[in-house]
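Here are a few notes to read alongside the model. Take them in order, with the structure open next to you.

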Amino acid sequence: MDVDGGSTSSDSTRVRSIPIRSGQCKAFLSQFKQQSLPACKPVLTPAWVIAIHLLLGFVFIPIGLVTLHASRGVLEIVDRYDADCVPEEFKGNKVSYIKDTSVPKNCTRILKVHKYMKAPIYIYYQLDNYYQNHRRYVKSRSDQQLLHGLKYNDTSSCKPEESNNGLPIVPCGLIAWSLFNDTYTFIHGTAELRVNRKNIAWKSDRDHKFGKHVYPFNFQNGTLIGGGKLDPNIPLGDQEDLIVWMRTSALPSFRKIYGRIEEDLEADDVIVVHLMNNYNTYSFGGKKKLVISTSSWLGGRNDFLGVAYIFVGSSAVILSLVFLLLHVKNPR
Amino acid sequence: MAGGRRKQRFSRIHAFSCGKASFKGDHSLIGGPGFSRVIYCNDPESFEAGVHNYDSNYVRTTKYTLATFFPKSLFEQFRRVANFYFLICAILSFTPLSPYTAVSNVVPLVVVIGATMGKELIEDWRRKRQDIEMNNRKVKVHSADGVFHHTKWMDLKVGDIVKVEKDEFFPADLILLSSSYEEAVCYVETMNLDGETNLKLKQALDATSNLHEDSSFRDFRTLIRCEDPNANLYSFIGNMELGEQQYPLSPQQLLLRDSKLRNTDYIYGVVIFTGHDTKVMQNSMAPPSKRSKIERRTDKIIYFLFFILVLMSFIGSIFFGIATREDLDNGRMKRWYLRPDNTTVYYDPKRAPAAAVLHFLTALMLYSYLIPISLYVSIEIVKVLQSIFINQDLNMYYEEADKPARARTSNLNEELGQVDTILSDKTGTLTCNSMEFIKCSVAGTSYGRGVTEVERAMAKRKGSPLPQEEIEEEAHVEEQTEQKPSIKGFNFVDERITNGHWVNEPRADVIHKFLRLLAICHTAIPEIDEESGRVTYEAESPDEAAFVIAARELGFEFYERTQTSISLHELDPVAGRTVKRNYQLLHIIEFSSSRKRMSVIVRNEEGKLLLLCKGADSVMFERLAKDGREFEEQTKEHINEYADAGLRTLVLAYRELDEEEYSEFNREFTEAKNSVSSDREEMIEEVAAKTERDLILLGATAVEDKLQNGVPECIDKLAQAGIKIWVLTGDKMETAINIGFACSLLRQGMKQVTISSETPENKALQKMEDKDAAAAASKASVLRQISEGKELLTASSESPEALALIIDGNSLAYALHDDVKDKFLELAVGCASVICCRSSPKQKALVTRLVKTKTGNTTLAIGDGANDVGMLQEADIGVGISGVEGMQAVMSSDFAIAQFRYLERLLLVHGHWCYRRISSMICYFFYKNIAFGFTLFFYEAYASFSGQPAYNDWFLSLYNVFFTSLPVIALGVFDQDVSARFCLKFPLLYQEGVQNVLFSWLRIFGWAFNGVLSATLIFFFSISAMEHQAFNKGGKVAGLEILGATMYTCVVWVVNCQMALSISYFTYIQHLFIWGGIVFWYIFLMAYGAIDPNISTTAYKVFIEACAPAASYWLITFFVLISSLLPYFTYSAIQMRFFPLYHQMIQWIRSDGQTEDPEYCHMVRQRSLRPTTVGYTARFSKRERR
C-alpha cells in the first residue's frame, strides 16, 4: 500500500507560509489544525490484494503444517469408563448404583499403548455435560476463606454450602463440595506405575490463592455428601487435586489433570487401571473419561488449529488466484 | 457631531415633537392588566417601591447554578434512553441478579457521565465568567443629594437614576430623562440587539429635558407607570407623572440594555426594567435545537440494538428456565452439583418461571455490552474537535476582516455533508452588499463608463467577449487604480463629470441640482477624521453611503449634520470654486418599504424651501409634475438599461415649496407624528404623499451591487456536486435575474418559467373593487402559470433543456397556499434553478419549510441579514455570513462564514469529511459492540444460559472505555477518504452524503453482520482450538480464565485491526491509538494480573503465568485475528476493484498517479449520478453539445 506523505505538500506549504517559525511543535500543531498531517493512505490495489493473500497463504500453510505436526506427535489414549464400570445389575438404574455406598465402586480398565510414549505422560479425567461454568456454581466459593481459612468468616457467597451444624465449612461452596473423587492406579506389567500428583496445579494458585496454613474443616460433614473428601491434616495449599478442581472450566466438556507418569511407555505395552468409580455423573447424564496423553511444545493433541491454519492459508491462495483471474479477465 | 448646544429649540422644528401629545389609543391601558408596572423614580428604597419588589439587575445566562448543576445535568444525561438503561443496570448490579460486580459496572457509567458533565461544566463556566464580567461593570448611580457614585450593574434597582457616558452600554432598560444636548436627544447604537449599525436617535420628554446637572436630581421625584416586561423591542407604552401632570412615554424615550450611547457626552436615565425583565433578555430565546439526520438514525439503531438485546435475553431466559426446571426431576436432582434442592429463587427448579423472569433481567445486564455506552460521549468529543478544525481552517479565514469560519453548533457537522438544496439570500450573501456608484442618468444623458461584473458575464454569456476590449478595460481599470487609491463605494469613471468638468456640460444646472440632492437627501452622519480631515459617513444602508460618497467625490462634500442643518462644501458653478453652504433641515420623511422613497425638506441660504426626493422608479414617475417630465423617456430607457446590467436604480426628483404649502404640511405632519395611535404610520404616509407630488425629474442613479469574490466559481462547484441552489431575494425580478445570470444560475438557452403577478391581466385584476374576487382570480392565474410550467417540465424531461423558475413575492404568496404548494414544489424541484424575488422574510422561511418537509431532503439556508433569520432557523442548517449587516443572522445561524465562497470548502471538504467520519464512526461502534456482545451470548449457550460472563468483570467494563474507544475517536476526528484537494476537484463525491451511501441501512446492517461474523469466528475458533486438550507444554488445561483472556485478546486485536483496515488515512495519531489500544490491553492485563488476587480474581497472573509462555495462546490469537478479518478484507478488495464507490475511484486515480491526466479525471467526473444543470461548467458543456 502506497505511502503518500507528499500529496499533502501543496496544502502544507500554504500552511507554512503563514508565520510559524518557532519549532517543530508549532508546525505539528498547525498541520494538525489544518488536517494536513503527513499520513499513509493505503489503497487496496489488485497488486496489493493478491500479494497480501499470497503472503497469508505462504505464512499460514507452513504454520499449519508445523502445528499439525506437533499435534499429531502427541499420543493420547482416551477411555470412557462411566458406562462400562456399572455392574450389570445396575445398568438400568445407574444413579442408584452410584448412590449406594454398599456397592463396591472399583473397576478395572485395560489400556493398550499403540506407540512409544515419552515421559512425562499426563493423566487427565474428562467430564462431559458438566456445567462447571454455571453462574451459581462459579460464584459459590470464597477466595478469602481459601487463603485465610477460618479467620475469614463472611462466607455468604458460598451458599448453600457455607456452614454445617452452625460451623463454617472450609473450603466452603459448591465447587469444593462437588470435588471429583474418582481415583486411578496404574499397573504396568507387574509393577505399579508411579503417578506423580505434585505440581499439577498452577503455581500462582498454590502460592497465592490457597492458604499454606488453612486446613479443611467440617468438610463433607453434611447430610448430603457431594464429592470427594479432604485430608484435614494437609493444608489447602498442598491439596493439588482440590486446587485443580477449583479452577472452573470454561466449557461443559472439560479435562482436568490428575497426575503425571514419569516414565516412558513402550509401544504395545498394556496398562491395567484400577479405578474407584465414585463420582456421580449418572444423575445428569455426563460422561467420564480417562485420558493419558503426552504433550508437545503446543500442548495436547488437537488438530483443529493446524487444519484451520492450512485451510485458511490455502483459501487465501485460492482467493488470490481467483482474484487474479477476475482482474485479468475484466480490465478496468 | 461637534456636540455644541444649539439655541434653537429642536423640538419645534424636528419631525418629532413631544409637547402636548394627547393620551390616545393604547395609553388608556396603563394600570390595567399587562400594564401594571409602577416605578418610583429616584426613590428605590421607599416603602412603595419595596412593595413591588422587582428583580435585581443581576443577569444569569448560565444553564445551571451551583445548586442545580448536579440534579439538572444528571437529569439531562439520563433523559437519553441509552444512559437511562445503563443507570438501571448500574442500580441492578447491586442486587444478586448481577452477573458481574457492581463497581465494575458503575465505573464506566461514571466515566462517561462524568465526561459529559465535565463538558457541560466547562461550557457553563465560560458563560458564568461572561456573566460575572457583565454584572460587575460599573455605572454612575444617583445615591443621594445629587451625588452620583460608581455602582456595579448588578446592584442597580428599578427606579435608580443613572448617568451613562459616551460609548458606554446601558446597564438596564432606561427611560431617557435628559442628555448633554439642550434638546435632550441622544444617539444609540443597537448593533447588539438587531444588528443594525446605523445610529438611532432618542429623545427625552420636554418636561425632564432641563435636568443637565448632577445636582438637579437632588429632589427629583417622579412616578412612571408602564407596561409589564415583554419581548417587543419596538413598542413601549407608559406614562410619567411629574407633579400633577401626566406625560406619555413611547419607545422614543426608551434606551435598551446592551445598546450603546454614541455621539452624546452623557445622558441621565431612570431604570425601569432590570435584569431578566429587560427587553433584550426577554428576547433571548433558546435557538431551536437541531439534530442531524444521522443522529436521528443513530437513535433508531440504538433501538434496534435494544431489540436484539431483549431478544437475546428472552431466548436466553427461555433456555435457562427449561434447564433450571429439569434440574429437579420428581425430587431427584439431576445437576446435583448445583444443589437444586437447596436454592434461592434465582435458580429454583420449582419456581422455574420466576427464575427465568429474573434471569431475563440478569441477561439484560449481561448483554448491555451490545449498547455502546460511550457512543454519545464519543460523538460529542469528536464533533467538538471537528468544529475546532472548521474554526481553524485557514482556507476559510477571511483575512481582510479577520474573520475565521465559526461552527456555532457542533451537532450539525455531518449534516453539512448531506445538503441537497441551498437556499441563498442574495444581498450580502451572493453580493458584497458594498454598493458602488457606477452610473447615473442626468437630464436624459447617461454618464459613467464603468463595466459591471454582470455586463462582463453577460458579454461572456452571449459568446462575444471581445478580448481586446476586455484587456483594454482591465488596463484602464488598473490605470485608474494607479492614479488614485480606489474609494470604497465609488467606481464612477466619466471625464465629463469628474474633476468638476460637469460645469461644462449642456445641462449643468440640472447636474448641479442632481448632485446637491445626492449630498442632502439622506440620513447619513459624517465623521471627520481629525488627522487627515477626511470625511467618512455612517449610513443606514450601503447604497445611501454610496450616494454621499459620490456627491463628495463629485464636488459636493457633506461634512456636518446637526439636528437642524446640513452643511456642504460645494462647487459653485458660477464662481468655479468651493464654497460652504448651509441648508436648514426642516423635515426628514424617512424611507419605508411601503413608501419606497425618502424625502427631505430644507431651506437653502436664499430662503427657498426645497423638497428633495429619491425613490424607486415605480413610485416616482407617477409623482412627477406635468412639466417635470422633460427627460422621462430617456431616463426610463436608461433605468431599464441599468437594471439589465444588474444595477440598483433610484430616481431623483425635487420640487420647490412655497411658505404656505410648507406651513400647512408642517402642521399636519407634526400632528401625525405626535399622534400615538396605531394608525400613526398611515397618517404620516398620507400627509407625506400629499406633498410629494408634482416633482421635477432630475435623473436616476445606478449603484452596482457587487458580487462577492469567487461566487460564480463556488456556485459552479456546488452545482457540480449536485446541490440545488435556490435564490430567495427581496430584490425585484430584473435585478434577481441579472444576478442569476452573473453567477451562472441562469444561462441563455435555459427555458425560463416566470410566474409573476405583474402580467397585464393581473394588473387589471388588482384594480377590481372586490378584494376577495381579485385574490381568487390572482390565485387562479398563479395556478395556471404553475400548470403551464409543469407541462413545459414534462415536455423538457426528454430533451436535455434545463428549466429555470422565477417567481415573485405576490405569486409566491399564492403558491404557498396549502392547496397549491405541492404543485409548486413539484415544479420547483424539477427546475434546475429557482429564483424567488420580492420575497418577504416570512416567505423565505415558508419556502424553506416547504422544501424541508415535503422533499425530506437536507436544506441549507445561507444569509446575512436580519431578514434571513427565519429562514436560517427553519432550515436544517443555517449558515450566516458574518459580513457587514450586523450580527443578527450570525447569532441565529449554526455556522458562520465570512464569505459565500467559503461555503464550497465548508460543504465539499468539511461537510464530506464530517459526514464520512461520523457515519463510519457510528457503524464501527456498532460493529465493535456487536462483535463483543455476541461472543458473550455465544458463551452463554455453553454455560447453560446461566448468566456467567466469559470475561473477567473489569475486562468487560473497560472494553468500551479504554481498549477500543480511542481509535474510534481518532477515526472520527482524522480520517480522510480523499484529501481536500480531491474533494474540491471531484465535487460529485459530495453526492455520497446527499444519497447517504455511507450510512444507508444496508451499510449499517452490513457492519452489524460483520460484527456477528467476527464474533462467531472469534468464539468458535477459540473454543475449538482450546477444547479439552492441554494448553501448554506442562500439560495444564485451559480454564475459564484462560479462555476468557484469550478470547478477549482476540476481540481486542480484531476490532482494532478492523479499524486499521477500514480507515484510509494513517497519521501518527491513528497508529498511536490503534496499536496503543492493543499494547494497552497487554499492559493492563499484566498490571491487573499483578495486583492482589482478591481484586484481580480470575485475572491473577493469567497472562504472565499461563498465556504468555504458551505458544498456543499466540498462535490462536494470530489465527483468529487473520481469519476474522479475511472475509472483510476480501469483500472490500472485491468491492474496491469491481464495484468501487466514488471515493474509491478517486483513491484509485490518486494511487495510479493519474490525477494529472485530464481525460481520465473527466471520465471519472462523468460517472455522475445526476447531470449538472447549472453553473458555468454546464454552460460550457451545453455549448460543446451544440
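1. A quick definition to begin with: the domain bounds used here come from an automatic or database domain assignment. Keep in mind, too, that this is a predicted model.

2. On that basis, chain A splits into two parts: domain 1 takes in 46–74 + 301–331, while domain 2 covers 75–295. How far apart are the centres of domain 1 of chain A and domain 2 of chain A? Going by C-alpha atoms, the separation is 42 Å.

3. Now for chain B, which has 1186 residues, 58% of them buried. You'll find 41 helices and 35 strands in chain B. Its accessible surface is about 47200 Å², and carbon and sulfur atoms supply 55% of that.

4. Looking at chain B's contacts with a separation of 6 or more, 73% are between residues 24 or more positions apart.

5. UniProt, in an unreviewed entry, lists residues 890–1140 of chain B as "domain: P-type ATPase C-terminal". This span is 73% helix and 1% strand, and its end C-alpha atoms sit 40 Å apart.

6. One helix pair to look at in chain B is H28 (residues 902–941) with H29 (residues 953–963): they pack at about 170 degrees, and their axes are 11 Å apart. Angles over 145 degrees count as roughly antiparallel, so H28(B) and H29(B) are roughly antiparallel. On the H28(B) side, the contact is made by Lys928(B), Asn929(B), Phe932(B) and Leu936(B). H29(B) contributes Leu956(B), Tyr959(B) and Asn960(B).

Methods. Residues are numbered from 1 along each chain as its sequence is written. Chains are lettered from A and ligands numbered from 1 in the order in which they are written. This is a predicted model: local features need pLDDT of at least 70, side-chain atom pairs count only at pLDDT 80 or more; totals for chains, interfaces and linings use all residues. Side-chain values use heavy atoms; hydrogens and water are left out. UniProt positions are given in the numbering used here, feature names are shortened, and annotations may be inferred rather than shown by experiment. Helices (H or I, at least four residues) and strands (E, at least two) are DSSP runs, numbered from the N terminus. Buried means under 20% relative accessible area, exposed over 50%, partly exposed in between (1.4 Å probe, protein chains only). Contact means heavy atoms within 4.5 Å. Accessible areas come from the Shrake-Rupley method with a 1.4 Å probe; for residues, only the protein chains shown count as cover. Axes are lines fitted to C-alpha atoms, for helices over the stretch in contact, and angles run from 0 to 180 degrees between N-to-C directions. Angles under 35 degrees count as roughly parallel, over 145 as roughly antiparallel, 65 to 115 as roughly perpendicular and the rest as oblique.
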